[in-house]
Amino acid sequence: MMRNKYGNRKIHRDGEVFDSKREFERYHELLFMVKAGKIHDLHRQVKFELVPAYYEPVERYSEKTGKRLTDGQRCVEQAVNYYADFVYWEGDEMVVEDVKSEATKTEAYIIKRKLMCRMGYRIREVE
């Protein structure tokens, strides 16, 4: 089985894929908390758009009439997204959670964590 750049192996269980054994274990801990009524509305791999894509107009013309179309756009910069490992509710508070080790706290992750803070979401990091 292949390992990723951090030495983790992907775990395939019940039709789902987890990035690491620890993420798989944490998912089962959270499922237990759901059954115990401590948390609710548990979701995996939730996408947050941090910076939207940037498009610029492009001139396009109708093949039939030769007239200029106004809907032509071209993506200049793709969106920046953050995928949370888990999102759930603890009482009336939404929790955004990520399973992290020191090795996976990359510069890109830290920037995304700061952008999430600017959006009003604090990431709970679990080792």
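## Strand pairing and the sheet

Tyrosine 88 has valine 95, a residue of β9, as its bridge partner. The two strands concerned, β8 and β9, run antiparallel and are paired over five bridges; pairing requires that DSSP find at least two bridges between two strands. Strands here are DSSP runs of E with at least two residues, and helices are runs of H or I with at least four residues, numbered from the N terminus. The model is a predicted one, in which local features require pLDDT of at least 70 and side-chain atom pairs count only at pLDDT 80 or more, whereas totals for chains, interfaces and linings use all residues. Residues are numbered from 1 along each chain as its sequence is written, and side-chain values rest on heavy atoms, without hydrogens or water.

In general, the strands of a sheet pair through backbone hydrogen bonds, in either a parallel or an antiparallel manner. Four strands form an open sheet in the order β3-β8-β9-β10, and the pairing is mixed. Because β3 and β10 are the edge strands and each has a single partner, one side of each lacks a neighbour in the sheet. From one strand to the next, the twist averages 40°, with axes fitted as lines to C-alpha atoms and angles running from 0 to 180 degrees between N-to-C directions.

## Nonpolar cores

A nonpolar core is a set of buried Ala, Val, Leu, Ile, Met, Phe, Trp, Tyr and Cys residues joined through side-chain atoms within 4.5 Å. Buried denotes under 20% relative accessible area, exposed over 50%, and partly exposed the range in between (1.4 Å probe, protein chains only). The largest core has twelve residues, including Ile11, Phe18, Phe24, Tyr88 and Val95. At least two of its residues come from each of α1, β8 (80-90) and β9, and α1 gives the largest share, namely four residues.

Phenylalanine 24 touches Ile11, Arg13 and Phe18 when residues up to four places away in sequence are not counted; contact means heavy atoms within 4.5 Å. A second, separate core comprises nine residues, among them Phe48, Tyr82, Val87 and Val96.

## Salt bridges

The structure contains twelve salt bridges, each defined by a side-chain nitrogen of Lys or Arg within 4 Å of a carboxyl oxygen of Asp or Glu. In one of them, the closest N and O atoms of glutamate 23 and arginine 44 are 3.2 Å apart. Since glutamate 23 belongs to helix α1 (residues 21-35) and arginine 44 to strand β3 (residues 40-51), this pair ties together parts that are 21 residues apart in sequence. Glutamate 23 and arginine 44 are both buried.

Glutamate 125 and lysine 105 form another salt bridge, with 3.1 Å between the closest N and O atoms. This pair links distant parts of the chain, 20 residues apart: strand β10 (residues 123-126) holds glutamate 125, and the loop between β9 (93-99) and α2 (107-118) holds lysine 105. Glutamate 125 is partly exposed at 27% relative accessibility, as is lysine 105 at 24%. A network of salt bridges links Arg22, Glu25, Arg26, Glu29 and Glu97.

## The surroundings of valine 17

Valine 17 lies in strand β2 (residues 16-18) and is partly exposed, its relative accessible area being 38%. Apart from neighbours within four places in sequence, valine 17 contacts Lys10, Ile11, His12 and Arg44. Lysine 10 also forms a salt bridge with aspartate 19, at 2.7 Å from N to O.
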